[in-house]
Amino acid sequence: MSPDRPEERTAEAPSSIGNVATGFDILGHTIEGPKDRVTVRRIEHQGSRLCSVSGVFTDLPADPERNTALRALEAFRLDRGLTFGFEVDILKGIPLGSGMGGSAASAVAALMAANALLLEPLPVESLYPYAMEGEAAASGGHHGDNVGPMLLGGLALSTRDRLSRLPVPRGLTCVLVHPHLVLETRRAREALVAAYAIGDFVPQSAGLAELIVGLFTSNLDALRAGLRDVLVEPRRAHLIPGFAEVKKAALDSGALGASISGGGPSVFAWFENRAGASAATAAMQAAFAPAGLKSDVFISPVEGPAARVLA
């Protein structure tokens with residue numbers, strides 16, 4: 001490999017929690033947990049192609065329109081006018097259909113690796129539109145609640161045109177419980193197609209405002225008021241066996257709030273500190289058991305890691 005012309009780079013992207021209750025499609029944060037790792041090689045062929053997939057899930061499409069990593073890379077390559085293409089190896093650490101940002105992580109890790117192949121890499125924020133394009137291969141829409149925080153780290157407000165990292169009160173900790181159940185993103189989004197009454201948006205908007213105020217002021221009461229999803233959660237809860245019981249277990253254990261992570265089926269809860277989060281995990285996992293679901297649990301600062309280039 002020439003020192004001034006890299007031929008191969010590897011990057012990883014963390015799991016994430018999309019929506020964070022009231023922030024549908026625009027709010028999310030990363031967690032310390034499973035990661036996707038992607039190796040990208042420069043090739044003479046002008047296109048992006050899948051070489052291998054390994055890890056917890058291997059049945060990924062090789063079609064660039066349907067593969068989040070390849071679609072992101074093609075958007076990046078064509079928009080930047082690159083005269084070379086990419087070959088990709090994906091190591092999946094994040095289960096697909098888990099509500100942990102698995103489709104987004106592959107896209108972000110691929111872009112981070114590909115960007116590192118350039119002699120003059122773009123700022124990380126400039127990768128955002130390409131990451132959203134990649135995410136669209138899985139979800140059918142362009143939204144940044146997973147890819148945004150993966151690029152920036154921590155908790156991010158990710159609109160169509162802007163990324164903003166938000167402050168996180170010291171010690172704020174997340175518990176995420178992932179039941180061994182696959183819930184495809186497109187199916188979760190189909191549950192939302194029926195019309196909403198305009199009045200339904202008032203409490204949801206109020207919740208998002210309270211959440212942001214709580215973040216900037218470290219006001220726990222505002223965070224409690226903000227972690228209440230009255231629009232999306234009621235329509236998706238039936239897709240997750242045991243959801244109501246898991247949420248109740250979290251709240252009974254002192255959580256500031258709890259809801260569905262992304263499109264589900266994982267459930268997350270925020271706690272004032274790590275000690276409180278650790279004490280709640282057994283009850284949250286046990287609440288999935290009557291539904292016949294085993295689960296994995298992850299405890300992480302809400303101020304989670306960002307995607308990074310490894311080599």
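User: Which helix is the place of S278?
Analyst: This is a predicted model, in which local features need pLDDT of at least 70 and side-chain atom pairs count only at pLDDT 80 or more, while totals for chains, interfaces and linings use all residues. Residues are numbered from 1 along each chain as its sequence is written, and side-chain values use heavy atoms, with hydrogens and water left out. Helices (H or I, at least four residues) and strands (E, at least two) are DSSP runs numbered from the N terminus. On that count, S278 sits in helix 10.

User: As what does S278 count at 36% relative accessibility?
Analyst: Buried means under 20% relative accessible area, exposed over 50%, and partly exposed in between (1.4 Å probe, protein chains only). S278 has 36%, so its class is partly exposed.

User: How many Å apart in space are S278 and F298?
Analyst: The two residues are 20 apart in sequence. From C-alpha to C-alpha, the distance between S278 and F298 is 9.5 Å.

User: Which residues of the largest nonpolar core touch the most other members?
Analyst: A nonpolar core is a set of buried Ala, Val, Leu, Ile, Met, Phe, Trp, Tyr and Cys residues joined through side-chain atoms within 4.5 Å. The largest one here has 65 residues. Its biggest share, 10 residues, comes from helix 2 (residues 102-115). The members with the most contacts to other members are V20, V40, F76, F86, V108 and W270.

User: Which residues does V108 touch, not counting those up to four places away in sequence?
Analyst: Contact means heavy atoms within 4.5 Å. With residues up to four places away excluded, V108 touches A13, A131, V147, M150, L151 and A307.

User: At what angle do helix 2 and helix 3 pack?
Analyst: Axes are lines fitted to C-alpha atoms, for helices over the stretch in contact, and angles run from 0 to 180 degrees between N-to-C directions. The axes of helix 2 and helix 3 (residues 128-139) are 9 Å apart. The packing angle is about 145°.

User: Which residues in helix 3 does helix 2 meet?
Analyst: Helix 2 brings S103, A104, A107, V108 and L111 to the contact. Their partners in helix 3 are Y130, A131, G134, E135 and A138.

User: Which residues of helix 9 are buried?
Analyst: Helix 9 spans residues 243-252. Seen down its axis, the buried residues fall within an arc of 130° (taken over the directions from the helix axis to the C-beta atoms), so they line one face of the helix. Those residues are F243, V246, A249 and A250.

User: Which exposed residues does the face of helix 9 turned away from its buried side carry?
Analyst: On the buried side, the cover includes helix 8 (233-236), strand 8 (257-260), strand 9 (267-271) and helix 10 (274-288). The face turned away carries the exposed residues K248 and D252.

User: What is omega for the peptide bond that joins G264 and P265?
Analyst: P265 lies in the loop between strand 8 and strand 9. The bond from G264 to P265 is cis. Its omega is about 10°.

User: What is the phi of N19?
Analyst: N19 is found in the loop between strand 1 (8-18) and strand 2 (27-43). It is buried, with a relative accessible area of 5%. N19 is not a glycine, yet it has a positive phi of about 80°.

User: What value is phi of S218 near?
Analyst: S218 is in the loop between helix 6 (201-217) and helix 7 (220-226). At 44% relative accessibility, S218 is partly exposed. It is a residue other than glycine, and its positive phi is near 55°.

User: What separates the C-alpha atoms of A21 and D229?
Analyst: A21 is in the loop between strand 1 and strand 2 and counts as buried at 2% relative accessibility. Its contacts beyond four places in sequence include D229, R228 and F268. A21 and D229 are 208 residues apart along the chain, with a C-alpha separation of 4.8 Å.

User: How many Å apart in space are A156 and L82?
Analyst: A156 is in strand 5 (residues 155-158) and is buried, with a relative accessible area of 0%. Its contacts beyond four places in sequence include I26, P149 and L166. A156 and L82 are 74 residues apart in sequence, and their C-alpha to C-alpha distance is 30 Å.
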